[in-house]
Amino acid sequence: MMIFGGNDCFSGFYNDVWVLSNANGLGGTPAWTQLALAGAAPSARSNASAVYDPTSNRMIVFGGSSTAEVWILLNANGLGGAPAWTQLTPSPGPAGRYAQSAVYDTANNRMTIFGGGANSGLLNDVWVLSNANGLGGTPVWTQLAPAGAIPPAPRAAHTAVYDPASNVMTIFGGYIDSQEIPISDVFTLQHANGL
């Protein structure tokens, strides 16, 4: 398991990366290791979303602290070479945001993000980043316009999972107002990778 950055509510924001080996409790005692990273790194931030591509061993980080940046961490699990950050500069895409959800379609190299908070308020838009791991072509953002009678309310701090077999993203909960009152609804998005 890999984690990036965050806020400890006391000392401020972070941009460090940690790896938990034997994270499932099998094969040995779980242990944390901080990665020593080469080159420029994303600024310290909280509430970014991150997805992992096990095929290329790359972690894709989007947003956080109201940014719209996309960063790739090479050798993200600390194996196979020195971990190093690379910033992507995809086509104009979503507004900067925090506490959005993100899922990753490994087979098609596409990251889908939903909602989050921005300086303008809470959001419920959906964006897909093609060539999300920085391989296979130029990364490009595309905004989706999902059909449906009742879309999810704008929200932040929700969770999401992706089923690659059905190409469905499922979101759960979060909060839908400035007072951060939690909700517990569930929505699914078909054709979640935009294909």
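Predicted model: local features only at pLDDT ≥ 70, side-chain atom pairs only at ≥ 80, totals over all residues.
Which order do the strands of the open sheet of 3 strands have? The order is β1-β2-β3, and the pairing is antiparallel.

**View 1. An open sheet is built from β1, β2 and β3.** The edges belong to β1 (2–7) and β3. Each has a single partner strand, so one side of each is left without a neighbour in the sheet. On average, neighbouring strands are turned by 35° against each other, direction ignored. Strand β2 covers residues 13–21. It pairs with β3 over 4 bridges, in the antiparallel sense. Look for Ser21: opposite this residue stands Ala31 in β3.

**View 2. A second open sheet holds 4 strands, in the order β8-β9-β10-β11.** Pairing here is antiparallel. The edge strands β8 and β11 each pair on one side only. From one strand to the next, the twist averages 25°. Strand β9 spans residues 110–118. It runs antiparallel to β8, and 5 bridges join the two.

**View 3. Glu69 and Arg45 form a salt bridge.** A search of the whole structure finds 3 salt bridges. In this one, the closest N and O atoms are 2.5 Å apart. The pair links distant parts of the chain, 24 residues apart. Glu69 sits in the loop between β5 (58–62) and β6 (70–74). Arg45 sits in the loop between β3 (31–34) and β4 (49–53). Arg45 counts as buried because its value is 1%.

**View 4. Asp125 and Arg97 form a salt bridge.** The closest N and O atoms lie 2.7 Å apart. Asp125 is buried, with a relative accessible area of 16%. Arg97 counts as buried too, at 0% relative accessibility.

**View 5. Asp185 and Arg155 form a salt bridge.** Here the closest N and O atoms are 2.6 Å apart. Asp185 is part of strand β14 (residues 182–190) and Arg155 is in the loop between β11 (140–144) and β12 (159–163), so the pair ties together parts that are 30 residues apart in sequence. Is Asp185 buried or partly exposed? It counts as partly exposed, because its relative accessibility is 26%. Arg155 is buried, with a relative accessible area of 0%.

**View 6. Asn131 lies in the loop between β10 and β11.** With a relative accessibility of 19%, Asn131 counts as buried. The cut-off for buried is under 20%. A polar atom of the Asn131 side chain lies 3.0 Å from the backbone oxygen of Thr138. Which residues are in contact with Asn131, leaving aside its neighbours within four places in sequence? They are Asn109, Gly136, Gly137, Thr138 and Pro139.

**View 7. The rings of Phe62 and Trp141 pair edge-to-face.** The structure holds 4 aromatic pairs. In this pair the ring centres are 5.3 Å apart and the planes stand at 65°, so the pair is edge-to-face. Phe62 is in strand β5 and Trp141 in strand β11. The two residues are 79 residues apart, and their pair links distant parts of the chain. Phe62 counts as buried at 0% relative accessibility. Trp141 counts as buried at 7%.

**View 8. The rings of Trp71 and Trp85 also form a pair.** Why is this pair called edge-to-face? The centres lie 6.2 Å apart and the planes meet at 90°, so the pair is edge-to-face. Trp71 comes from strand β6 and Trp85 from strand β7, 14 residues apart. Both Trp71 and Trp85 are buried. Ring pairs also bring in Phe4: Phe4, Trp71 and Trp85 are linked into a cluster.

Notes. Residues numbered from 1 in each chain as written. Heavy atoms only, no water. Salt bridge = Lys/Arg side-chain N within 4 Å of Asp/Glu carboxyl O. Buried < 20%, exposed > 50% of the residue type's maximum accessible area, 1.4 Å probe, protein only. Polar contact = N/O pair within 3.5 Å; in protein donor to acceptor, adjacent residues only side chain to side chain. Contact = heavy atoms within 4.5 Å. Phe/Tyr/Trp six-rings, centres within 6.5 Å; stacked < 30°, edge-to-face > 60°. Pairing = 2+ DSSP bridges. Axes fitted to C-alpha atoms, helices over the stretch in contact; angles between N-to-C directions.
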